Amino acid sequence: GAAMNNLQSHVGGNVSATTEVTALGSRALFSQDGSQTVTGNKLQATAQSTRASNAVSIAGGALNFTPAAIISTQTHTAGNTSATVDVAQLGSVRTTLGPLPVNTFTRDQQTVSGNTLNATASSQTASNQAAISGTSLDNAGALIANTQTHVSGNVSATVANLNQVSPAPAPSPIMTMVGVGALSLSGGQSIVSGNNASADANINLAANTAALKSDTSMNGAGSGAILGNVQDAQGGNATSLVQVDFGVSGLRSGGHEAIVSDNSASASASQNQAINTISLKAGTNLVAPTLQLGSDQKAAGNTSATVATNLLTGTGAGNSGATTVSGNQASTSARANVANNVLALDSTTASGGLVGMLSNVQANMGQVNANTSMTIGVQGALDTGAVTVSGNVVDALGAGNAALNSINATVGTAFNGNGANLLNTQTNNGAITATAALNAPAGQPMVSGGASTVNLLNNTVTATAYGNNA
């Protein structure tokens with residue numbers, strides 16, 4: 001057999017990663033009949049206080065009394081963990097004289113697409129994989145014991161433009177601009193499409209998998225798997241923030257067309273997350289193996305995820321060009337405890353004498369807040385230009401405890417003398433809030449001016465909050 005013991009301790013000190021960009025893209029004072037393309041750029045910051053990837057794999061013929069075991073223990077005593085993507089502009093960026101833009105574009109084709117901004121922060125991350133495969137398994141089993149304890153320290157992930165405001169002790173986040181910025185755009189077309197900004201902040205993360213496969217039979221109580229997952233976030237907040245503008249700014253005229261589509265802004269945060277899986281597969285008979293999965297999660301700190309995004313289309317001045325704002329998405333997910341637990345067995349012929357146990361226990365004491373806002377404004381004297389605002393999605397999800405527990409059995413012929421027990425216990429003592437808003441600019445309608453046609457279609461706003469869900 002084989003065994004692995006992983007022990008990690010972060011006693012103190014902050015861990016931070018920052019990606020800082022003032023302007024990324026093309027910059028021109030004046031362009032006529034030109035083309036600017038800014039696509040496929042990736043700006044990322046990742047901060048992890050403690051990370052482990054543990055794997056034990058045994059493969060052979062007839063395996064008897066052959067265990068595979070992983071014990072992983074992580075402890076974070078103190079210190080903050082933060083990841084920041086600090087970007088002012090990405091795309092066809094403004095040329096300024098003092099605070100004012102001065103660049104002009106005439107009959108230009110501008111494309112800002114497929115760019116990614118991502119900040120990911122976690123206190124403790126563990127991946128544990130135990131696997132056994134053979135022609136037959138007789139009392140050959142897998143054991144995984146994962147323990148993560150976070151005593152104190154905040155975890156944060158931010159995508160924004162961090163504006164240093166003196167004498168403030170820390171930068172104040174304002175909107176990152178992804179798109180086309182100018183004084184004026186006459187004729188031509190600006191496309192801002194398929195860009196993504198995301199932030200993910202988690203205190204404890206675990207992915208535990210025990211997989212056994214026999215070409216023929218799998219026999220004995222020593223076969224099968226035992227998986228235990230314990231995650232305890234005793235203090236500290238998990239916070240994610242995205243503030244981003246997608247689109248076009250400037251005075252549009254001469255039939256200029258603006259397309260702002262399929263862009264996304266998302267933020268997620270959690271105290272504890274785990275994916276726990278046990279899988280047994282036998283080519284013939286599966287007889288009396290052990291099958292036990294237990295997951296225990298506790299959260300005490302606050303969890304919040306915030307997204308604020310504006311979809312910009314400039315202002316019109318006698319402009320007959322069309323304006324399309326479609327398929328954009330803004331979403332937040334703030335959940336204190338999250339567990340996905342799976343017991344799966346597959347026997348080509350028969351299964352007998354098996355008793356499976358799946359236990360999930362979750363307790364949350366902290367506040368949870370998910371806040372998502374999207375603002376769309378098509379402003380100005382658009383004359384005959386058509387306006388379409390369709391298929392944009394705003395959603396917010398807040399949860400104290402969330403679990404997906406499943407026991408799946410597939411047997412070819414006989415399923416005799418088997419049983420399975422599922423125990424799910426969830427306790428929430430924190431306030432849960434989810435807010436989603438689709439707004440027009442302050443004091444203005446969403447579409448103003450003399451547009452020939454206006455289509456406002458299939459836009460969706462959803463907010464969901466629950467204390468316990470399983």
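An open sheet is built from 7 strands in the order S4-S12-S19-S24-S29-S34-S39, with parallel pairing. Strand S4 (35-39) and strand S39 (454-457) lie at the edges and have a single partner strand each, so one side of each has no neighbour in the sheet. From one strand to the next, the twist averages 0°. Strands here are DSSP runs (E, at least two residues), numbered from the N terminus. Two of them count as paired if DSSP finds at least two bridges between them.

The model is predicted: local features need pLDDT of at least 70, side-chain atom pairs count only at pLDDT 80 or more, and totals for chains, interfaces and linings use all residues. Residues are numbered from 1 along each chain as its sequence is written, and side-chain values use heavy atoms, with hydrogens and water left out.

Within this sheet, strand S12 (residues 109-113) runs parallel to strand S19 (residues 189-193). The two are joined by 5 bridges. Serine 113 has serine 193 in S19 as its bridge partner.

Another open sheet has 7 strands in the order S1-S7-S15-S22-S27-S32-S37. Its pairing is parallel. The edge strands are S1 (2-10) and S37 (419-428), and each pairs on one side only. The twist averages 0° from one strand to the next.

Strand S27 (residues 290-299) has partners in both S22 and S32. With strand S22 (residues 224-233), S27 pairs in the parallel sense over 10 bridges. There, glycine 224 has threonine 290 in S27 as its bridge partner. With strand S32 (residues 355-364), S27 again pairs in the parallel sense over 10 bridges. Glycine 294 stands opposite serine 359 in S32. Aspartate 296 stands opposite valine 361 in S32.

The largest nonpolar core holds 60 residues. Such a core is a set of buried Ala, Val, Leu, Ile, Met, Phe, Trp, Tyr and Cys residues joined through side-chain atoms within 4.5 Å. Buried means under 20% relative accessible area (1.4 Å probe, protein chains only), exposed over 50%, and partly exposed in between. Val85, Leu90, Leu117, Val159, Val242 and Phe246 touch the most other members. Leucine 90 touches Leu24, Val38, Leu43, Val112, Asn115, Leu117, Met177, Val178 and Gly179, leaving aside residues up to four places away in sequence. Contact means heavy atoms within 4.5 Å.

Notes. Helix = DSSP H or I, 4+ residues; strand = E, 2+ residues; numbered from the N terminus. Axes fitted to C-alpha atoms, helices over the stretch in contact; angles between N-to-C directions.
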